[in-house]
Amino acid sequence: MALEFLIRYKESNLNGSKGEMVYYAERKSTHWLRPDEAMDTIVDATSLTRGDLKNAITSLAEVLAEGLSEGRNVDLGELGTFRLEVSSRYESSPEDVTVEDTLKVPRIVFYPKKRLLRKALKVRMSIDHSMVMPARTRRKKD
């Protein structure tokens, strides 16, 4: 299966091209490998029972949550590494640098190992030039 994209357009607000129409690709839809499908594939490829696999996944989620809540990176071998990343805002003086005002909300980031990266680089992609649509507009919150 290929990743399929459509073309969207909008008016640019960047200084060099302000007011000009710009075009970009946006993924048409996201296809999911559902948990049951993934579990069926693993059960068929291993000697694990469905119950064993569910327990392993639940335990893995607990290990990840515990490790990340302690600020630790969690290395899962051939799969990759999960870690917390926290961005920082710029402040005008050292005294202005505080946890509350300077540090942004932590994000969980996954860094796959080379094998997964190589697979991702081989994914087929296509752009449907018959679908050129305006940019999505964000709804204003009440």
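**Notes on a surface patch and the aromatic pairs**

1. Methionine 21 counts as partly exposed, because its relative accessibility is 42%, and it should be kept in mind throughout that the model is a predicted one. Methionine 21 belongs to strand β2, which covers residues 21-27, and together with Tyr23 and Val132 it makes a nonpolar surface patch of about 310 Å².

2. How many aromatic pairs does a search of the whole structure find? The search finds 2. In one of them, the rings of tyrosine 9 and tyrosine 23 have centres 6.0 Å apart and planes at 50°, so this pair is tilted. The pair links distant parts of the chain, since tyrosine 9 lies in strand β1 (residues 3-11) and tyrosine 23 in strand β2, 14 residues apart.

3. As for the exposure of these two tyrosines, tyrosine 9 has a relative accessibility of 28% and therefore counts as partly exposed, whereas tyrosine 23, with a relative accessible area of 54%, is exposed. Tyrosine 23 is also one of the residues that make the nonpolar patch described above.

4. Phenylalanine 82 and phenylalanine 110 form an aromatic pair that is likewise tilted, with 4.8 Å from centre to centre and 45° between the planes. This pair, too, links distant parts of the chain, with phenylalanine 82 in strand β4 (residues 80-85) and phenylalanine 110 in strand β5 (residues 107-112), 28 residues apart. Phenylalanine 110 has a relative accessible area of 31%, and so it is partly exposed.

Conventions
Residues numbered from 1 in each chain as written. Predicted model: local features only at pLDDT ≥ 70, side-chain atom pairs only at ≥ 80, totals over all residues. Heavy atoms only, no water. Patch = residues over 30% accessible without salt bridge, like charges linked within 9 Å, V, L, I, M, F, W, Y side chains within 5 Å. Areas by Shrake-Rupley, 256 points an atom, 1.4 Å probe, with all protein chains shown as cover. Salt bridge = Lys/Arg side-chain N within 4 Å of Asp/Glu carboxyl O. Helix = DSSP H or I, 4+ residues; strand = E, 2+ residues; numbered from the N terminus. Buried < 20%, exposed > 50% of the residue type's maximum accessible area, 1.4 Å probe, protein only. Phe/Tyr/Trp six-rings, centres within 6.5 Å; stacked < 30°, edge-to-face > 60°.
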